[in-house]
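Here's a friendly walk through one protein model. Have a look at the structure first, and then we'll go through a few of its features.

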Amino acid sequence: YEGPNYIHNNLLNNTNNIQVSVSHESQMNTTKKQETNIIGGGYVGGNYWANPQGTGFSETCKKNIEGFCIEPYKVNTYTDFLPLAS
């Protein structure tokens with residue numbers, strides 16, 4: 001497969017959330033669309049970034065009315081531009 005991988009609508013609840021080794025571009029979100037996401041919200045876009053202590057990015061970020069974090073989440077060399085929020 002030569003196209004980009006879209007990694008979205010996942011609940012990632014661990015201390016080290018991602019390690020990716022790919023030869024082509026991957027994206028940590030998809031275009032925003034209205035449907036139920038992994039945590040029960042009304043929109044799909046990015047991922048839910050949690051940790052066992054309850055202090056993960058998605059658990060503590062400021063959110064907008066659609067249920068996304070206002071700020072993007074950067075992990076390694078990747079950016080989730082539509083991270084899900086609690």
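Take Ile-39: you'll find it in the loop between β4 (33-34) and β5 (43-44). Its relative accessibility is 33%, so Ile-39 counts as partly exposed. On this scale, buried means under 20% relative accessible area, exposed means over 50%, and partly exposed is in between (1.4 Å probe, protein chains only).

## How the model is described

This is a predicted model, so local features need pLDDT of at least 70 and side-chain atom pairs count only at pLDDT 80 or more, while totals for chains, interfaces and linings use all residues. Residues are numbered from 1 along each chain as its sequence is written, and side-chain values use heavy atoms, leaving out hydrogens and water.

## One salt bridge

Searching the whole structure turns up one salt bridge, meaning a side-chain nitrogen of Lys or Arg within 4 Å of a carboxyl oxygen of Asp or Glu. The partners are Glu-66 and Lys-32, with their closest N and O atoms 2.9 Å apart. Glu-66 sits in the loop between α1 (57-60) and β7 (73-75), and Lys-32 in the loop between β3 (26-27) and β4, so the pair ties together parts that are 34 residues apart in sequence.

## One disulfide

There's also one disulfide in the whole structure, that is, a pair of cysteine sulfur atoms within 2.5 Å. Cys-61 and Cys-69 form it, with their sulfur atoms 2.0 Å apart. The torsion about their S-S bond is about -70°, so this disulfide is left-handed. Cys-69 is buried, at 4% relative accessible area.

## The overall picture

The protein has one helix and eight strands, running β-β-β-β-β-β-α-β-β from the N terminus on. Helices (H or I, at least four residues) and strands (E, at least two) are DSSP runs, numbered from the N terminus. Of the 86 residues, 35% are buried.
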